[in-house]
Protein chains: 2
Amino acid sequence: MIRHTDALSIGQVSEATGLSVHALRFFEREGLFLRPIPRSAGGRRLYALSDVEWLILCNRLRDSGMPIADLRRFAELVRSGPGNEPERLALLEEHERAVEARIAELNASLAVIHAKVVTYRGHLRDGTVAGVWAPAPSP
Amino acid sequence: MIRHTDALSIGQVSEATGLSVHALRFFEREGLFLRPIPRSAGGRRLYALSDVEWLILCNRLRDSGMPIADLRRFAELVRSGPGNEPERLALLEEHERAVEARIAELNASLAVIHAKVVTYRGHLRDGTVAGVWAPAPSP
DNA sequence: TTAGGAACTAGAGCGTGCTCTAGGTCAAGC
DNA sequence: GCTTGACCTAGAGCACGCTCTAGTTCCTAA
């Protein structure tokens, strides 16, 4: 249970985002946060809810295939303050196009795979072998 | 230009499939072919058109995220001849579901990304800053 | 015959993105 | 005080899927 003090431990953030504590420390080393994460007197990370929100967006971008390097670039842009919104937009638009292209590619592959599935189903229903792979003899 | 002798060199197969010659040798080491690729007197690989067709399917499966290990399993099933079609079908169906899930995930991410893009566009049109990330101060 | 490119093998290396280890420190409950 | 578990750093290690190297051989064409 996350209390409303706005200061979350790494374990709580791990729970909230699905990222491992290792990954969170790794992300920090890689400069993916929008600010230096403050520490408690004892040296422990104190995350805010805004950090979690950012991580959730990061997750979306990562899960959709954005490389760490681009994520870092985006974080740098946001960190350096207002004025570079066109660059941020360009980065997002480029990623958007990449994701759309990836979806199109997957749909094309899916069609091929589905055709194979249908062929196998037909073969199994009818007992025929048309269209399925058979082992080729080695000459 | 591929002549109709049915015996293709590794370079020709590389051209035809988009896989590098390194990748083709790697695939062979990994047992992804349906047969042992025969060799010329001088020890060079002699591919048939059916190998290329198989590679094109492999490409589809790989590109859509099937790991090499599953591809090898599928190749093993085909190699071991008729009788295991239900297993092949199961493997394909499982991959089909995985691809569908991946597409759904990407579509969800795309929606989030697109919302961000729209927000930034609005911001840039109007000169407002609502909804875009601003650098957070370190406490 | 000889040059040059294409192919051969075995094995090392690499980029990405974490994940884990070692060797501690910190903090809360008993 | 002491135990326990979460947390700390720095750095090594890993899984995947190729990619490249070194050193050699093959083959075609001039």
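Predicted model: local features only at pLDDT ≥ 70, side-chain atom pairs only at ≥ 80, totals over all residues.
Reader: Which surface do the copies meet through?
Author: They meet through the same surface, because 100% of the interface residues of chain B are also interface residues in chain A.

Reader: OK. What rotation superposes chain B on chain A?
Author: One of 180 degrees, with 0.0 Å of shift along its axis and an RMSD of 0.0 Å (least squares on the C-alpha atoms of residues with pLDDT of at least 70 in both copies). The two copies are therefore related as by a two-fold rotation axis.

Reader: Which residue of chain B comes closest to the rotation axis?
Author: B:Ile103. Its C-alpha is at 3.0 Å from the axis.

Reader: How many residues are in contact between chain B and chain A?
Author: 51 residues of chain B touch 52 residues of chain A (contact means heavy atoms within 4.5 Å).

Reader: And how much area do they bury?
Author: About 4600 Å², with carbon and sulfur atoms giving 72% (buried area is the accessible area, 1.4 Å probe, that two parts lose on being put together, summed over both). On the chain B side, B:Arg60, B:Tyr120 and B:Trp133 lose the most, together 15% of what that side buries.

Reader: How many salt bridges are there between chain B and chain A?
Author: Two (a side-chain nitrogen of Lys or Arg within 4 Å of a carboxyl oxygen of Asp or Glu). B:Arg121 forms a salt bridge with A:Glu93, with their closest N and O atoms 2.7 Å apart.

Reader: Which elements give two or more residues to the side of chain B that touches chain A?
Author: Helices H3 (49–63), H4 (68–79) and H5 (85–126) of chain B (helices are DSSP runs of H or I, at least four residues, and strands are E runs of at least two, numbered from the N terminus). H5(B) gives the most, 27 residues.

Reader: New topic. How is chain A divided?
Author: Into domain 1 (1–81) and domain 2 (85–131). Those bounds come from an automatic or database domain assignment.

Reader: What separates the centres of domain 1 and domain 2 of chain A?
Author: 32 Å, taken over C-alpha atoms. Still, 10 residues of domain 1 of chain A are in contact with six of domain 2 of chain A. The area buried between these two domains is about 760 Å², 73% from carbon and sulfur atoms. A:Met66, A:Phe74 and A:Leu77 of domain 1 lose the most area to domain 2, together 53% of what that side buries.

Reader: How many salt bridges cross that interface of domain 1 and domain 2?
Author: One is found across it. A:Glu87 forms a salt bridge with A:Arg73, and the closest N and O atoms are 2.7 Å apart. Helix H4 (residues 68–79) of chain A gives the largest share of the domain 1 side, five residues.

Reader: Zooming out, how many salt bridges are there over all chains?
Author: The whole structure has 20. One forms between A:Arg39 and A:Glu28, with the closest N and O atoms 3.1 Å apart. A:Arg39 lies in the loop between helix H2 (21–29) and helix H3 (49–63) of chain A and A:Glu28 in helix H2, so the pair ties together parts 11 residues apart in sequence.

Conventions. Residues numbered from 1 in each chain as written. Chains lettered and ligands numbered in written order. Heavy atoms only, no water.
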